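Please read them with the structure open beside you.

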Amino acid sequence: MADIKVLPQVSAFLAQEHGQFIDGQLIPAAGGQRLPVVNPANGQTIANVAGATANEVEQAMQSADRALKGEWGKSLPAQRQQILLRFADLLEAHREEIAQLETLTNGKLIGSSRLFEVDHTCVFIRYYAGWATKLHGETLAPSIPSFNGERYTAMTYREPVGVVAAIIPWNFPVMIAIWKIAAALCTGCCIVVKPSEFAPLTLLRLAQLAHQAGVPAGVFNVVNGERQVGQWLIEHPRVNKVSFTGSVPAGIAIGQAAIKADLTRITLELGGKNPAAFLADVDTQRAVDGIMLAGLVHQGQVCSSAERFYIHASRFDEIVEQVIARVEALQIGSPMDEATQYGPLANQAHFNRIKAMFDQAHSHDQVLSGGTVLDGEGFYVTPTVIRATGQDDPLMREEAFAGVLSFMPFEDEEQLLHLMNDSSYGLSASIWTNDFSKAMDLMRRIEAGMVWVNSHTIMDPAVPFGGMKASGIGREFGSAFIESYTELKSVIMCY
């Protein structure tokens with residue numbers, strides 16, 4: 001098959017002069033740094049975006065603050081709900097446009113862009129919309145003694161935390177952004193979002209659709225740029241909360257800067273080196289399918305993907321052999337071709353990092369399959385199967401984020417539990433078995449914020465998501481997000 005035809009509106013959008021989205025309108029370049037947007041499939045620059053100036057960041061913050069104190073701050077919960085529902089409808093109506101834009105700028109397979117960046121994102125928006133009318137406090141009966149016949153009652157309120165600064169990674173620029181945007185909007189907050197400099201365009205288009213859906217000017221702003229722009233946001237006195245998804249080193253720096261700025265609240269989702277365990281009783285086909293699901297979605301560029309695979313010694317050779325056969329049969333090619341099964345890495349910097357990781361693995365004779373860079377245009381590497389030399393192997397410690405699957409055998413469940421927990425990370429994990437007694441025992445002792453049984457990477461907006469240890473602080477989704485986007489106010493009344 002061949003690449004699908006690019007929609008005229010996608011081509012027209014790419015050709016525009018891109019800057020920021022502030023106070024309800026697109027702002028063209030105002031003298032900031034020009035950042036190239038590169039198509040990972042061919043390495044060609046297909047657009048440019050202007051990095052925000054300090055003045056533009058200030059404008060965005062003032063706009064958000066005005067909206068918070070004005071129209072949005074006075075909005076009714078049902079109004080916010082209806083706006084979010086219209087937003088989801090508009091995103092759905094522009095499904096193919098957003099999906100193509102995402103694939104051209106991020107390298108995600110076109111089918112994945114449609115499924116995750118549009119369809120599943122709409123599910124999240126509608127879920128958060130439902131929460132807008134369900135935020136509540138409590139009435140309490142305090143035990144304060146009466147001194148002169150007076151009585152007391154107490155209550156709690158949930159109020160918006162204020163202006164949120166959100167910093168988005170490059171792997172899912174739409175879906176991860178919506179986790180933060182919809183959470184902010186349904187609770188009555190305003191938000192200023194900085195996309196990754198590698199994948200800035202879909203979020204600009206998303207802001208236009210949100211405004212078209214009825215999100216008032218200033219409620220949802222987008223400022224582009226590199227690290228300095230994020231720093232300006234974090235340190236701004238009008239920011240009440242920072243939400244970041246990305247690497248551990250960046251997350252630690254952002255958390256420290258936010259606390260230092262004004263004890264600014266933070267939510268950090270920081271990735272991991274996630275384990276998947278296959279017990280002795282697991283069905284071979286199910287195990288192989290599970291490994292493909294756990295490790296290779298979006299070329300492994302998913303924060304919750306598995307990278308450490310522990311297989312019972314009695315099944316190790318059989319399962320790894322079949323994984324290699326499946327991996328080597330994958331059709332690698334253009335992400336705009338619907339027949340492609342494995343596309344490029346998302347950007348040049350990540351591509352260079354993975355090449356260095358391959359060199360290290362080859363030098364230690366660990367590569368069972370793959371570990372190569374494809375000739376020609378674009379940032380293509382082969383999905384890679386590694387046999388780890390031990391638990392301290394760098395490929396069992398350092399996050400690859402690129403379809404690099406490292407395998408180790410284990411002998412019993414106690415050894416397995418030690419291996420799975422022997423990591424500074426604790427984002428996600430999975431157990432594959434037909435023995436639910438063992439699954440129930442292991443899942444309670446695994447040190448991870450998200451544990452799947454006989455599945456991996458599947459997420460639902462009703463289920464809280466976030467990590468333990470160095471994988472982050474706080475939770476997204478479910479009802480857990482409410483704590484991060486609202487302040488709890490207590491009131492005691494005397495009468």
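1. A residue is called buried when its relative accessible area is under 20%, and that cut-off is needed for the site taken up here, in what is a predicted model. Glu 269 has a relative accessibility of 3% and therefore counts as buried. The UniProt record, an unreviewed entry, lists Glu 269 under "active site", an annotation that may be inferred rather than shown by experiment.

2. What surrounds Glu 269, once residues up to four places away in sequence are not counted? The residue itself belongs to strand E11, which covers residues 265-269, and the residues that Glu 269 touches are Phe 244, Thr 245, Gly 246, Cys 303, Leu 427, Phe 465, Ser 471 and Glu 476.

3. The largest nonpolar core is made up of 106 residues, and Phe 87, Leu 185, Ile 191, Leu 203 and Phe 220 are those with the most contacts inside it. Helix H6, residues 175-186, supplies the largest share of this core, namely eleven residues. Apart from this core there lies another, of 24 residues, which includes Met 292, Phe 309, Leu 330 and Leu 405. In soluble globular proteins, nonpolar side chains tend to be buried together.

4. Phe 87, leaving aside neighbours within four places in sequence, is in contact with Ile 125, Ile 178, Leu 206, Leu 209, Ala 210 and Ala 213. Leu 185 lies in helix H6 and has a relative accessible area of 1%, so it is buried; not counting residues up to four places away in sequence, Leu 185 touches Trp 72, Arg 80, Leu 84, Ile 191, Val 215 and Val 219. Between Leu 185 and Thr 245 there are 60 residues in sequence and 18 Å in space, taken from C-alpha to C-alpha.

5. In which order do the strands of the open seven-stranded sheet lie? The order is E14-E15-E16-E13-E12-E18-E19, and the pairing is mixed. Strand E14 (367-369) and strand E19 (450-453) form the edges, each pairing on one side only, and from one strand to the next the twist averages 25°. Within this sheet, strand E12 (residues 274-278) and strand E18 (residues 428-432) run parallel and are joined by three bridges, with Ala 277 standing opposite Ile 431 in E18.

6. Helices also pack on these strands. Helix H14, residues 413-421, touches E12, E13, E16 and E18, and its direction makes about 170° with that of E13. Helix H11, residues 316-328, lies across strand E13 (306-312), E14, strand E15 (384-387) and strand E16 (404-410), and runs at about 155° to E15.

7. Helix H14 also has a helical partner, in that its axis and that of helix H15 (residues 436-445) come within 11 Å and cross at roughly 30°, the crossing being right-handed. On the H14 side the contact is made by Glu 413, Glu 414, Leu 416, Leu 417 and Asn 421, and on the H15 side by Lys 438, Leu 442 and Arg 445.

8. A further open sheet has three strands in the order E5-E6-E22, with antiparallel pairing. Its edge strands are E5 (139-140) and E22 (486-494), each of which pairs on one side only. Strand E6, residues 152-160, pairs with E22 in the antiparallel sense over nine bridges, and Ala 154 has Ile 492 as its bridge partner in E22.

Definitions and conventions: Residues numbered from 1 in each chain as written. Predicted model: local features only at pLDDT ≥ 70, side-chain atom pairs only at ≥ 80, totals over all residues. Heavy atoms only, no water. Core = buried A, V, L, I, M, F, W, Y, C linked by side-chain atoms within 4.5 Å. Buried < 20%, exposed > 50% of the residue type's maximum accessible area, 1.4 Å probe, protein only. Helix = DSSP H or I, 4+ residues; strand = E, 2+ residues; numbered from the N terminus. Contact = heavy atoms within 4.5 Å. Pairing = 2+ DSSP bridges. Axes fitted to C-alpha atoms, helices over the stretch in contact; angles between N-to-C directions. Left-handed = near helix turned anticlockwise from the far one by under 90°.
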